[in-house]
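Have the picture open as you read.

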Amino acid sequence: MATTIVLNKILKRYGSAEVIHGIDLKIEPGEFTVFVGPSGCGKSTLLRMIAGLEAISGGDLLIDGERMNDVAASKRGIAMVFQSYALYPHMSVYKNLAFGLETAGYKKAEIDRRVRDVAKILKIEDYLQRKPKALSGGQRQRVAIGRAIVREPKIFLFDEPLSNLDAELRVAMRVEIAKLHQELGNTMIYVTHDQVEAMTMADKIVVLKDGNVMQVGAPLDLYNRPATQFVAGFIGSPKMNFIAATVESADERGAVLSIAGRSVRLPGLKVAAAPGAAVTFGVRPEHLTVGAEGGERLGEVTVQLVEHLGGETVLYTVNHAGDTLNASVDGQLKVSHGERVTLMVDPLVCHVFDANGRAIATPAIPAAQRVA
Amino acid sequence: MTSQTSLGAAVPAGGRIASPGRIRRALGRNAPGYLFLLPWLLGFFGLTLGPAIASLWLSFTNYDLLQSPTFVGTANYVRIATADPKFAAAMKVTFLYVVLSVPLKLAFALLVAMAFNRGIRGLPLYRAIFYLPSLLGTSVAIAVLWRQLFAADGLVNAALANFGIIGPSWISNPNYSLYTLVILSVWQFGSPMIIFLAGLRQIPTDMYEAASLDGASKTRQFFKITLPLLTPVIFFNFVIQTIDAFKAFTPAFIISEGTGGPINSTLFYTLYLYQEAFGFFRMGYASALAWVLVVIIAIFTAFSFLSARYWVHYDD
């Protein structure tokens, strides 16, 4: 049932402007893959090329080994859930669900059985005779998903399906889509600009920027080992802190960086750079602690803003050089605005990027393994 | 803004009646607004509402412009209903014209709008060119031109002659004359076309994309998505064009040289009304004819709105 999708040097051009630059990607059967990236990175265009809604300018799209570039959208075994839901406003929910099956020429009894089965799965049985305008955002979203499921496609594509929902409903629908994937086991591709959605739903995340794939990997791989400063900044919430630094020394045992004029020891972090090299030091807010213990001393900072969230406290701080550093610390920590605190860091979860934004630091023991 | 504020002052919360002084003050504050409205108010009361009320009164009289109107009660209406074969002829011609020209014009307008909706280059230019007949179509000049085109020795017959066909005199043959007017009406498809185009642009692209993923052919997409979602625009165009068709006058007047001939074949209702009013100076009777037309149009419009609930889809 589950299907493999392979993209070989996929290109998209609009006139002379190339917007997708030769993407290679393999999506394994039954995998939940998320395309994530900022607006304009090409994630929706790539999805639409897979769907058959955009022509492929170059390269090959293979579905289960068969070249699909010139195959009509309806013949690719794909169903898609649109950002706007794309429900037919003049049809009842039942008719919306049945439309694809009627088009395919299924018998009435079979259509009815499938529509009612899907309505049951998505808990929309009570709304079958309503028009979309009489439904809430969440209910419309369910109908849109139902319309995809009812055709029993090989592949599901989701184009930012939750972006029109409020925060609470997004979380609820996120869970439902993940459950649906577990139940159906189909290959699914999901496009979002929300890295939290990507992290929570994906088996595999594809981070895109300017029509290029920046990194492909499991959510925790991308979180722990971002290949570039862009991925490091994009994956993870709150966002990673970046500070300009200079390498003082670097060898197999660790490195010493000059950060804001202060030497910071990073034992166990192998940095592939020569002394004197200008680099960017990166550390996630949740990897910073306040106090004199628990890692290496990063320096003193002034607290500019405190957000007490209960479970955690977010500190917005600035060091003497004017670099901003956000720290996500213990929720019960008593810190107030204007206070000076010392930030400590575990060197093995720190990141260092060269002038081109490439990651050049490798922990002697990967953080994920240490946690395990 | 001003009027809203003033209205609030003149009709205070709680439903108390405002004092004359407060109303005067409110009117005073609104004076600039009324001043700007004045040309329209003068036009509406002096040239539309006033004459309309006068014609309603005149429809119950005999009036020949030279002598004072004499009240005759419902005699004019009784004559229309029972003793005027020309009224029946005019009704027949007008209904035939409405039934033929409106659907044809709307279908043609939709066809062209759909062709334009495919994102062709130079669309604004084409749109303007295709809209032009709507601006010119009801003019005397175009009606004269139409008469030349469809005359026995006109361009249409000259073109047909190239294929060895000897065409009749389209406008002087009662079998064809009305159809030349129908063609003239269809040619003026620009106005509904522009409205259709705007309506087509309102249909989200992803509806079609969803349908194409479902395997729906272009024809199925047209009948299952485009047409239903366009029904509010179709309804609007249908009502407006039908009312316009009922009121059509100039082309028939020019082409038949005011006679409605040959053999009453182009005797539009408004042309008959004109003949009664300005040919025979039976102003009272013509007024009654005008009010009958108003009632016919009102009944048609009411039925259209009643039927709309069964076939017009409104999203919200």
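Before we sort any residues, here is how the classes work: Ala, Val, Leu, Ile, Met, Phe, Trp, Tyr, Cys and Pro count as nonpolar, Asp, Glu, Lys and Arg count as charged, and the others, Gly among them, count as polar. With that in hand, the lining of the second largest pocket sorts into 14 nonpolar, four polar and five charged residues.

A word on what you're looking at: this is a predicted model, where local features need pLDDT of at least 70, side-chain atom pairs count only at pLDDT 80 or more, and totals for chains, interfaces and linings use all residues. Residues are numbered from 1 along each chain as its sequence is written, chains are lettered from A and ligands numbered from 1 in the order in which they are written, and side-chain values use heavy atoms, with hydrogens and water left out.

So how do you find a hole in a protein? Rolling a probe the size of a water molecule over the atoms shows where empty space is left. Here that's done on a 1 Å grid over the protein atoms alone: a cavity is a set of points where a 1.4 Å probe fits but cannot get out, a pocket is an open set with protein on both sides within 12 Å along at least five of seven lines, and lining residues have an atom within 4 Å of a point. Grid points are joined across faces, edges and corners, and a volume is the space filled by probe spheres set on the points.

Back to that second largest pocket, with its volume of about 460 Å³. It has 23 lining residues, and the closest to its centre are A:Pro89, B:Pro204, B:Met207, B:Leu229 and B:Asp315. We'll also be naming helices (H or I, at least four residues) and strands (E, at least two), which are DSSP runs numbered from the N terminus. The biggest giver to this lining is α11(B), with four residues.

The largest pocket holds about 650 Å³ of space. Its lining has 17 residues, and B:Asn117, B:Arg118, B:Tyr208, B:Lys218 and B:Gln221 are the closest to the centre. In chain B, α9 (190-202), α10 and α11 each bring at least two residues to that lining. Sorted by class, the lining has seven nonpolar, six polar and four charged residues.

The largest share, three residues, comes from α4(A). By class, the cavity lining has seven nonpolar, no polar and three charged residues.

Two of those names come back where the chains meet. B:Asp214 forms a salt bridge with A:Arg151 (a side-chain nitrogen of Lys or Arg within 4 Å of a carboxyl oxygen of Asp or Glu), and their closest N and O atoms are 3.4 Å apart. In total, three salt bridges link chain B and chain A. On the chain B side, α10 (205-213) and α11 (218-246) each supply at least two of the residues that touch chain A, and α10(B) gives the largest share, seven residues.

How big is the contact? Counting heavy atoms within 4.5 Å as contact, 19 residues of chain B and 22 residues of chain A take part. The two chains bury about 1,800 Å² between them, 61% of it on carbon and sulfur atoms; buried area is the accessible area (1.4 Å probe) that two parts lose on being put together, summed over both.

Finally, the backbone. Most residues other than glycine have a negative phi, and most peptide bonds are trans. A:Tyr85 has a positive phi, near 75 degrees, and the peptide bond from A:Ser237 to A:Pro238 is cis.
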